Amino acid sequence: MTDYPPQNSIHPSPFAQSPPAFPREDHSIHEPAMPLETIDDTEHGFDKEKRQSLGWFFWCCVVYFALNVFVALFANHLHLTDPYMSTATNPNLPVNGGPTGSNWFGTDELGRDIFSRVLYGARVSLSIGFGAITIGFLIGGTLGVYAAFRRKKIDAVLSVSMYTILAFPAIIFLLAFTAIWKPISLNKIIILLGIASIPAVYRVIRGSTLAAGSREFVMAAKVQGASDFRIIFKEILPNILPTAISFYMIGVATLIILEGALAVLGTSVPAPTPSWGNMINEGISYINSPNTGVGPWLVLFPGLAFCLLLLSINYIGDKLREHFDVTEGKL
Amino acid sequence: MIIHLLPGSPSEAILGSGWTPQGAAQLNKQLGLDQPLVTQYLSWLGHVVTLNFGQDYITQTSIASTLKVALPPTIELVVLSQIISLGLAIPVATFAALRPNKLFDKLANLGSFGLLSVPTYVIITLLYIPITQWLNVPNSGTASYVPMSQGLLTNLESLLIPIVALSIGSFVVYFRVFRADLISTLQEEYITMARSKGISRRRILFRHAYRPSSVALISTIGVNMAGLVTGTFIAEQVAAVPGVGASLVGAIFQPDYQLLQAIVLVTATIVIVVNFGLDLLTGYIDPRISRD
């Protein structure tokens, strides 16, 4: 029940441009009281103008993220080298070749072009990230809103079971189920990761629904005799949307990491499919065998693709949370 | 117990191509697998109390000896990475918190946020090139694990990359928590008071600021433990270290229920014991907490 906002807090719309109507007296204890060095810390200060702007780095991340989505959607139409074309069909291909004009990121141990495999890999990562978190939100989010709205028995039962599942490490559950459900495919991985994300989504959505549901305007709607449907869709959902969107983004990043872990353990999407995790898994065994003299490109580029995509998604999610979360500053 | 839903059965794994229904039934009886699941589980629990994890169905070796081989590298990885990450996070966070939003703080913040989003297995793969190929650290390549009995230095060299990768992962979390907490502690009125009395900065930090700030750090270590253990398992797989993670993945694919159960039990116990110890430590550092 710690999710309730303090009773004396002010509730402006999360999107309000104007400063709150009342002075925020409870902030005085956080005001810098002569620190060791002078602090001109906007992060801890309460500069309204600064909090509204998202900063140039945020937009860089958005552009990079959009680029990834674009590549994932239209990889077929970009006239790339066929990511499956290997020395098996064309023996003249350079094997383990370094970056050249025709193979920007070099070629792997089977002569496949790493540049086009990295671009096609975005497709696997993003479809798993978005597909799975969407399943998680459809089931976990619905249950979370329902449990927090109904309270009582259904809430108690659902919460206890979700928290029990949450205590168990997801990776063991995923490994076990990828071992059962053979042959594993992209869709199955999406479904498994989606199910694995349900408890976490449930917890966040339930918490913010509880907080939203205890506000005065929900009470007012109830008093006026609004239907449950209307209260949920017109009063509660718009208010939990900011939290939901930022958690959605962070969830995408988390699930991409989890899929990569499965791929590195060799149980994700089957081998010839170009995915970053698979490329790392295949490359790592070659990278270090001293006799082959393989260059860094086998794992460097998929690794960098992972880093940059995750960084941009996390930064977008984090900034959005900071931007929308009016309660954070009041804690 | 959910693990029993896995397809395949130990009898298939042991008998292989010589599998017949009669042979399997006999073997199941011999191993006690014909008993109901609840009976199997209870008898297993009874043995575990005396630290007898039983026999591995498949390799016919005792699980305790498997664990005895697998635990040392895993524990070594976890302990060393925690020492390194804490040893770095505290001074770096102090330096950043003393001058918040100045150049060093901004750089450290940006770097830690960037690293926060990079999974351990990517860090490991990206570390191989600089460490083994440029610095030429001996024995640091993949699948080159050397047990500690063959010399401490070679052992450390062979574990260098996973240790560094795990340290980076933990360092980032600890740095962010400790920096944020220290900044708010340094703004408390009693620190201003101590400053005005002319107490040196070193004394203020060590006597007045670190103690309240370390409470959040210690509880973060506890929360981090479970994630760290699974992270270590994956790191072991990537770096081909024959630790608990490797046994776990092997046990899932066999399927080897006994070993799997034993590993999950031992890991969970260690995590719970460490968390309990950290809770006691928190109570010692801040007696107000244990009084509640």
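pLDDT is the predictor's confidence in each residue, from 0 to 100. This is a predicted model, and chain B averages a pLDDT of 76. In chain B, 72% of the residues score at least 70. The model as a whole scores ipTM 0.71 and pTM 0.74.

**Confidence along chain B**
- Helix H4 (residues 63-98) has the highest mean pLDDT among the elements of chain B, at 87.
- Helix H1 (residues 10-15) of chain B has the lowest, at 53.
- Over residues 1-8 of chain B, pLDDT stays under 50.
- For that stretch the model has 16 contacts beyond four places in sequence.
- Where pLDDT is low, the predicted coordinates should not be read in detail.

**Make-up of chain B**
- Chain B holds 12 helices and 0 strands.
- Read from the N terminus, its elements run α-α-α-α-α-α-α-α-α-α-α-α.
- Chain B has 292 residues, and 34% of them count as buried.
- Take the contacts in chain B between residues at least 6 apart in sequence: 69% of these join residues at least 24 apart.

**Helix H3 of chain A**
- H3(A) covers residues 114-150, which is 37 residues.
- At 1.5 Å a residue, H3(A) should span 54 Å.
- H3(A) bends by about 25° at Phe137(A).
- Of the 37 residues of H3(A), 26 are buried, so the helix is largely enclosed by the rest of the structure.

**Gln237 of chain B**
- Gln237(B) lies in helix H9 (residues 201-239) of chain B.
- Gln237(B) has 21 other C-beta atoms within 10 Å. A residue is buried if 20 or more lie within that distance, so Gln237(B) counts as buried.
- Beyond its neighbours within four places in sequence, Gln237(B) is in contact with Val264(A) and Leu265(A), among others.
- Its contacts in chain B, with those neighbours again left aside, are Gly245(B), Ala246(B) and Val249(B).
- Val223(B) is 14 residues from Gln237(B) in sequence. In space the two are 23 Å apart, C-alpha to C-alpha.

Note on methods:
Residues numbered from 1 in each chain as written. Chains lettered and ligands numbered in written order. Predicted model: local features only at pLDDT ≥ 70, side-chain atom pairs only at ≥ 80, totals over all residues. Helix = DSSP H or I, 4+ residues; strand = E, 2+ residues; numbered from the N terminus. Buried ≥ 20, exposed ≤ 12 C-beta atoms within 10 Å, placed from the backbone. Contact = placed C-beta atoms within 7 Å. Expected span 1.5 Å × (residues − 1). Bend = angle between axes of the 7 residues up to and from the residue.
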